[in-house]
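Student: I would like a close look at one residue and its surroundings in this structure. Could you walk me through that part, and then show me what lies around it?

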Amino acid sequence: MIFDSLEFFIYLPTVFILYWFIFNKNLSLQNIFFLTVSYIFYGWWDWRFLGLIFISSLVDYFIGLSLGKVNVNKKRKLLLYLSFIVNLGTLGFFKYYNFFIESFVDSFSSLGVELNFTTLNIILPVGISFYTFQTLSYTIDVYKQKLKPTSNILSFFAFVSFFPQLVAGPIERASNLLPQFYKTRKFNYFEARDGMQQILWGFFKKIVIADNCAIIANNIFENYQEYSGITLMIGAIYFAFQIYGDFSGYSDIAIGTAKLFGIKLMCNFKYPYFSRDIAEFWRRWHISLSTWFRDYLYIPLGGSRGSLKVKIRNIFAIFIVSGFWHGANWTFIIWGLVNAIYFLPSMIAGTNRNNIGIVAKNSNIPAMKEIFQILFTFLLTNLAWVIFRSKTVMDSINYFSIIFSKSFFSIPNFPDLRFFPFILILVIWEWFSRKHEHGLNIINNKHFIFRWGAYLFLIILIIKYFGRESPFIYFQF
Amino acid sequence: MMNKFLLKVIKFSIFCSICFLLSYFLNIYFFEFDRFSSSKKTFIVGDSHAMCSLNPSIIENSVNLGSKGETLNITYHKLQYLNKINNINTLVISLSYHSISHNFLEERILNKSNLQKVVDNYYPFLNSNIIKELNVDFKKYYTGMANNILLPRFMYINNYFQLPEMKNYPYLDGFKYSTSMNLDKKKLESKLQGHFGENIFTISSVAVKYIYKLVEFSKKNQINLIFINTPVHNKYYERIPKELKEQYTEIQTKIKKEPNIYFLDYSNLNLEDSFYLDFDHTNNKGAKLVSEKLNFFLKNIK
């Protein structure tokens, strides 16, 4: 089931009412209910893949328990590797098998050796990268003794399959989410209201911003040979807003939905396009994944400690793996590589933590320097998005060669300017909301007429553009 | 806590419902669900061929209600709807070779984005029977309907107080005035591909059925019906499958026998390049020529 579908609009209120009025008697009942509705939610897409979540949950549950009992280091390591093999093996098979086969055949073919391997017609299970990383975080934390293994199988299964964030994150840490399944949830009016607001804001970003930008971006990227450099640049900007609206919108809906059930998920986006440098951008974009890689890859590799050579190696490792996580395509790997190159100068100069706080914290208008910094960072991320969005590396090279040609200085062919005001609304609204968790927090203290007017305005726009059911970009990851 | 929350949700839902109901009644009052009315007697309908080639300012007492990519079945339902409040005396319908091509109909009927366009643009006269026939997803239909009926239509309200224009009606595009010319060979290939497919050509049974339905509709309402095959470029004309041309002529011969039904075939006028917008549409210069011919013909039959 996807969020922007009629089914979900019926499913959510039904689950909400059942949860708070019938299955609210005790913890076990709440968790059984969560588990059931989460499996129904996932099975709506394809019930056959429920088995994967079940196996992944079961394996990590028992490995966790065994890690709690075993004290011998060698055995503990073996158990950890077993979890890696099961989880990453499944992920690798479903997501990367064909990519490795094709790359292997292509590399031999370029040496003049023709190999005859056949690829498989594999369906990528939705959300596999997300829940795999979530269960792995549990096993790793238990292995490192940062977290006590759970013996409550219901809580653990509910943690792995919690439906709001099951298919596209945020990738929750066991240390944050799992303990929330140990306690009976109690209804909190303010949390629920905030959740409703966040859901509304998420739908606005997804349906009004992302889906509309997608029409223009898809057209430009699919027919890029026909357009001038400046139009391609506009296409990249539209894609930047598409992917932001799409993914951060999904995260808002997920976080908001969880709040309705008394569960607090981690923040996944903190207004990344207002970042003043690339390091800040990566602290604000897909935070749950960036911090996952930081904690489970970057730091174990040595992080920013050690020689310059080690630091550089670690930066490249984290960005390339992060790129590869997005999909089995060279474009994602190169996208990661480009971001590593962007990141490197500030890391070497030691300025990567210069911009930790919110931009223009005590003012509504940023300083000129900040404006330039924001625009420059946005430009860099935009150029990287071109690689991310292109179907092949060759396409991205061709795309760039048109952008960096004389035609950049021609008059652009604006495909459709109707949706531009929505981007403007988003940017202005988010600018004033940047100190808050989501866009609708800022109207909490306003008169109810203003609040209801704002909600109605967003609902009208959502209904207006609802029904395209354009899939979430991050579902494919 | 929960009661407070539910009460707020209910209150807000009532507020939204009142707003949408208000919008719904305003839409009915101002737009009659977008039913177009005109004092003109000659109605020009059809797809982009009608839009590009038939200039209503040249054709006496006429209005061009063509719409891009419109198939004959949609044209039929549209006319049924329009005929209820308009006094149509003469109907001009573009009937080109591709209009009866199975491949073209397949593309129009099975393509998802085209179906979405059908829901978005033709909602005023869609009903469950048409929806079933068009194979449109009911879920999409109802969301599209909710969108069109319940939401305030600010731009239309604005236009209501001005002269009625075609853009007020989503299912009407009107005459397309164009002075440009683009005879790009790549576009010719993709156009031919979209219209006729690659190797095997078949005639669309849906299109043929609706040609006869249109004939019946005209006879029943005592309307003069003129099917017009608008000019196409030589390079396009030569590539139209032979079998299609033969079947087209066959239909033409059958229909011509009916009283007050006429067929004008201008597809092979052999015009210079400057008359064309692209390989299968005329520009303003071409439209002037075709419209004058049609006007002359209409004067004679009256």
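Tutor: Let's start with A:N352, which sits in the loop between α14 (330–349) and α15 (368–389) of chain A; helices here are DSSP runs of H or I with at least four residues, numbered from the N terminus. A word on the source: this is a predicted model, in which local features need pLDDT of at least 70, side-chain atom pairs count only at pLDDT 80 or more, and totals for chains, interfaces and linings use all residues. Residues are numbered from 1 along each chain as its sequence is written, chains are lettered from A and ligands numbered from 1 in the order in which they are written, and side-chain values use heavy atoms, with hydrogens and water left out.

A:N352 counts as buried because its relative accessibility is 18% (buried means under 20% relative accessible area, exposed over 50%, partly exposed in between, with a 1.4 Å probe and protein chains only). Leaving aside neighbours within four places in sequence, A:N352 is in contact with A:A279, A:R283, A:F343, A:S346 and A:M347, where contact means heavy atoms within 4.5 Å. A:E280 is 72 residues from A:N352 in sequence, yet their C-alpha atoms are 7.5 Å apart in space.

Now for the nonpolar core, a set of buried Ala, Val, Leu, Ile, Met, Phe, Trp, Tyr and Cys residues joined through side-chain atoms within 4.5 Å. The largest one has 161 residues, and A:F261, A:Y273 and A:W385 have the most contacts inside it. Helix α10 (residues 229–260) of chain A gives the most to this core, 17 residues. Domain 1 (25–184) and domain 2 (190–476) of chain A both contribute residues, so this core lies between them; the domain bounds come from an automatic or database domain assignment. Beyond its neighbours within four places in sequence, A:Y273 is in contact with residues including A:F241, A:W285, A:F378 and A:W385. Another core, of 60 residues, lies apart from the largest one and has B:F36 and B:L188 among its members.

Notes:
Helix = DSSP H or I, 4+ residues; strand = E, 2+ residues; numbered from the N terminus.
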